[in-house]
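This briefing goes through selected local features of one protein chain, grouped by topic. Please keep the sequence and the coordinates at hand while reading.

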Amino acid sequence: MSNVLRLCLILFNIQYEFLPTILDHFPSNQTLFLHSFGVLHWLEIFNKITIIRKTIQDAPSNEIGVNYKKKSKEKAEKLTYVLNRTQKVYVHFQPINEMMNNRAQIVKSGPCLQLICSINSAKIKVNNVDINYFKVGNGPQKLLIFPGALGQVNDFKPLTENLDQEKYTIYVWDPPGYGSSRPPNRDFSPGFLNRDADCAIALMEALDIDRYSMLGWCNGGCTALIAASRAADRVDKLVVWSCNAYVTGKDLEFYETTRDVHSWPDQWRLPQFEMYGERYVSDTWSGWIDASRTILDESGGDVCMGALAHIDAPTLILHGAQDVLVAVEHAVYLHENIKCSTLEIFPDGKHIIHFMFPEKFNSVVDKFLTSIQ
């Protein structure tokens, strides 16, 4: 992305809504460093800037305590959500020459946090669709991350922030209909996962990347399994978690209990509404459930079972034993049907094991990716 402005974000009382006005006072070629609170996430404003966010939990408690200790519990929770999810951030600007001269002092002196990483967002034409992707790091090992249904880049914050960026170059992509790869709207007609897999392979070809590893979560894991079977000569290693190769009637029964997206917990529902809008989230999630039922009724539940035998890459399968969306039996099946696979069960893990146990998750993944097999 051209002309990315990097901003120094600090806890002052200038809210996000005023950013476009403030930015008008800076030349278009002005470069500023960015330090911030909020989820690691990029947001384009009038196609002019990109902002990075860091979670509130990463800030020293004495820097944020004044913001909600004087408020009621209800308001405290609301404020925490605002900082975490809706990017109602507080900003302070400092010219680049002044900042470079005083960088050490700035980093040590208060709410300012060190720049945690550099992310580039870009779009490239793939199969007649403008595919959005994010690039993190500059290491020799290339990783392609596959998001799940209604995915977005901050779903992979534990990886993009904590994997060694000198060791890895991480690409997180938005399949057609997800994230910023819209239009088109999401298409769940038969073969949608196969189309996603082909699109992912074509994306890496368009980026001129010949060898890479794949990582996929939930429905993105299914897509990664298919892609790994179709690009066996290019995939070094495969990591999937909380995903399945087939769907059962019992699975569908649980999916149906989640159809009303307004019943989802706030921590799931609100970020999705912010990214996509309520109507799109509702329609897309219902479309995914309907597509899963079609797979069960018309294909005997086969999501990607046929692909497993064609996966040659060493494969790491991770799963939470307490996952109610994708039962642990699915991980066992993957392990039994993928040669050169390793299964790691998190006994207390649920569907989001990479968030629940980030240190262990990243350690296991990093060890697997760097091991010689």
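Pro183 sits in the loop between strand E6 (168-174) and helix H7 (192-206). The model is a predicted one. The peptide bond between Arg182 and Pro183 is cis, with omega about -5°.

**Backbone: cis peptide bonds**
- The bond from Pro183 to Pro184 is also cis, and its omega is near 10°.

**Backbone: positive phi**
- Asp208 is not a glycine, yet its phi is positive, near 60°.
- The position of Asp208 is the loop between H7 and strand E7 (212-217).
- With a relative accessible area of 63%, Asp208 is exposed, because the cut-off for that class is over 50%.
- Cys218 also has a positive phi in a residue other than glycine, near 55°.
- Cys218 lies in the loop between E7 and H8.
- Its relative accessible area is 12%, so Cys218 counts as buried; the limit for that class is under 20%.

**Helix H12**
- Helix H12 spans residues 329-337, and its buried residues are His330, Ala331 and Leu334.
- These residues are on the same side of H12 because they cover an arc of only 100° around the axis.
- Which elements do the buried residues of H12 pack against? The helices are H8 (219-230) and H9 (249-257), and the strands are E8 (235-241), E9 (315-320) and E10 (341-346).

- The relative accessible area of Phe355 is 36%, so Phe355 is classed as partly exposed.

**Aromatic pairs**
- A search of the whole structure gives 13 aromatic pairs.
- One of the pairs is formed by Phe156 and Trp217: the arrangement is edge-to-face, with 6.1 Å centre to centre and 90° between the planes.
- Phe156 is in the loop between strand E5 (141-146) and helix H6 (157-162), and Trp217 is in strand E7. The pair therefore ties together parts that are 61 residues apart in sequence.
- Are the two partners buried or exposed? Phe156 is buried, at 0% relative accessibility, and Trp217 is buried, with a relative accessible area of 11%.
- Trp264 and Trp285 have ring centres 5.2 Å apart and planes at 85°, so this pair is edge-to-face; the class requires an angle over 60 degrees.
- Trp264 is in the loop between H9 and helix H10 (266-276), whereas Trp285 is in helix H11 (residues 278-299). The pair links distant parts of the chain, 21 residues apart.
- Both Trp264 and Trp285 are buried.

**Aromatic cluster**
- Which residues form one aromatic cluster? They are Phe156, Trp217, Trp241, Phe346, Phe357 and Phe361.
- Phe156 and Trp217, members of this cluster, also form the edge-to-face pair described above.

Definitions and conventions: Residues numbered from 1 in each chain as written. Predicted model: local features only at pLDDT ≥ 70, side-chain atom pairs only at ≥ 80, totals over all residues. Heavy atoms only, no water. Buried < 20%, exposed > 50% of the residue type's maximum accessible area, 1.4 Å probe, protein only. Helix = DSSP H or I, 4+ residues; strand = E, 2+ residues; numbered from the N terminus. Arc of directions from axis to C-beta. Contact = heavy atoms within 4.5 Å. Phe/Tyr/Trp six-rings, centres within 6.5 Å; stacked < 30°, edge-to-face > 60°.
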